[in-house]
Each structure stands twice: as C-alpha cells, then as structure tokens.
Amino acid sequence: MNLTARQLDIIGTAGKLLTSFGLSGLTVKNIAKEMHFAESTLYRHFQSKEEIIVSMLQYLADSIDSRLKQIKYTENPEKSLKILFKNQLNFFAENPHFVASVFSDGLMEETENINNAISKLIKIKTKYLSRIITEGQQKKIFTDKIPAELLVNIIMGSFKLQMLKWRMDNFGFDIKKEGNEMVRYFLILIRNNK
C-alpha cells in the first residue's frame, strides 16, 4: 500500500478511537477533532469512514505479511511458532491501538469492503501459521490426530481471546509475557506425544 504520512496518521488515530470508543466512536468528525483539523481536510485524504477502516485493515495485512515474510524460520517448527508469535506480540505491544482493528467483531458485517479486508487479514495470518503447523505434523513433531486447519483455528482463537482480555484490561498486563506463556502451552498441547 502506498499511504502518505498523513494517511498513516489518520489510520493510526482511527485505530486509537476504535480501541477506546468502539465502532460508534469512530466517526470522521471524531478523527478530525482528534487530529485538530476540519472534517473537510480529512476528506482530502480519504473519501469516507469506510475507506479509512479498509485502508487501516489493508495496512495491517500488508504489515503482517511483510513482517512474517521476513522472519528467519528454522528447521524446528516449535521454534518457528515461537518466533512468529514473538513477532506478533512485539508488534501489538508497540501498537496497541491496532488491537481493536484486528480483533474486533464490531467491524464484521459493517460493509462488504470491510469484510473483504478482514478476510484478507485472516488469510495472511492463517497462511504463515498453517505452514508451520503442517511442517510440524509432517516432521512428526506436532500431533496429526487433529487436522492442521483445526489446530490453526484453535491457536488463532486463543490468541484472539488473549488480545481481547488485554484490551479489556486496558492493556494493563504484559502482553509479551502472557502471550509467550500461552505459546508455551500451545506447544504442550500440540506436541506429538507418541
């Protein structure tokens, strides 16, 4: 995505408003007010609230894809899983205002364009996680008693729940510590214990 610095500021502000006030608080008026400029100025950068949300989701999808693509995965799927989650946890610890964007059910069914952007985001995260889980099963490191697709859903659902708890706690606990502990338990659950 080619976003200007101002557009990045706008989607960052939108993420903060979404996190603090939910979808109802994410309005063009509130974004403009938060950024200290007129609504008409905002419309020079985005045509609508929907375009802001879609751009935010696309930015996050591109960011996640770029970051996860650059990870130096190892021959050891357990280590690769830890590396993948460490990367994600670090990103959200540094950018908590994007948690609501990625893990908000409130955005679902808002519009078809938003649903498509959310779907793209999920597919990107699933792609990298599926690759690691499948490799782990092929190498007999992870259990093959549960299909890889279902393991991915369980892991992603648990991660989403952890992020929701963090957000509901007003980001009050160390998400990196708690997240890494969760990954440790994932590995205990999915390890192939012949």
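1. Let's start where H1 meets H2. Arg-6, Asp-9, Ile-10, Thr-13, Ala-14, Leu-17 and Gly-25 of H1 touch Asn-30, Ile-31, Glu-34 and Met-35 of H2, where contact means heavy atoms within 4.5 Å. Five of the residues in this contact are nonpolar, three are polar and three are charged. For these classes, Ala, Val, Leu, Ile, Met, Phe, Trp, Tyr, Cys and Pro count as nonpolar, Asp, Glu, Lys and Arg as charged, and the others, Gly among them, as polar.

2. A word on the model before going on. This is a predicted model, in which local features need pLDDT of at least 70 and side-chain atom pairs count only at pLDDT 80 or more, while totals for chains, interfaces and linings use all residues. Residues are numbered from 1 along each chain as its sequence is written, and side-chain values use heavy atoms, with hydrogens and water left out.

3. Back to the geometry of that first pair. H1 spans residues 5-25 and H2 residues 28-35; their axes come within 9 Å and cross at roughly 120 degrees. Helices here are DSSP runs (H or I, at least four residues), numbered from the N terminus. Axes are lines fitted to C-alpha atoms, for helices over the stretch in contact, and angles run from 0 to 180 degrees between N-to-C directions. H1 and H2 are therefore oblique to each other: angles under 35 degrees count as roughly parallel, over 145 as roughly antiparallel, 65 to 115 as roughly perpendicular and the rest as oblique. The crossing of H1 with H2 is right-handed, meaning that the near helix is turned clockwise from the far one by less than a right angle.

4. Buried means under 20%, exposed over 50%, and partly exposed in between (1.4 Å probe, protein chains only). Neighbours within four places in sequence aside, Thr-13 contacts Ile-31, Glu-34 and Met-35.

5. Next, the core. The largest nonpolar core holds 58 residues, and Ile-31, Phe-85 and Ile-133 have the most contacts inside it. Such a core is a set of buried Ala, Val, Leu, Ile, Met, Phe, Trp, Tyr and Cys residues joined through side-chain atoms within 4.5 Å. The elements giving two or more residues to it include H1, H2, H5 (77-94), H7 (112-138), H8 (148-168) and H9 (175-190). Beyond its neighbours within four places in sequence, Phe-85 is in contact with Leu-129, Ile-155, Phe-159, Val-183 and Phe-186.

6. H8 and H9 make another helix pair to inspect. Their axes are 11 Å apart and the packing angle is about 155 degrees, which makes H8 roughly antiparallel to H9. From H8 the contact takes Leu-151, Ile-155, Ser-158, Phe-159, Gln-162, Met-163 and Trp-166, and from H9 Ile-175, Glu-178, Met-182, Phe-186 and Ile-190. By class, nine of these residues are nonpolar, two polar and one charged. H8 and H9 also cross in a right-handed way.

7. Asn-90 sits in H5 and counts as partly exposed, at 25% relative accessibility.

8. Finally, two backbone spots to check. His-36, in the loop between H2 and H3 (39-42), has phi near 65 degrees, a positive value in a residue other than glycine; at 73% relative accessibility, His-36 is exposed. Lys-140, in the loop between H7 and H8, also has a positive phi, near 65 degrees, and is partly exposed at 45%.
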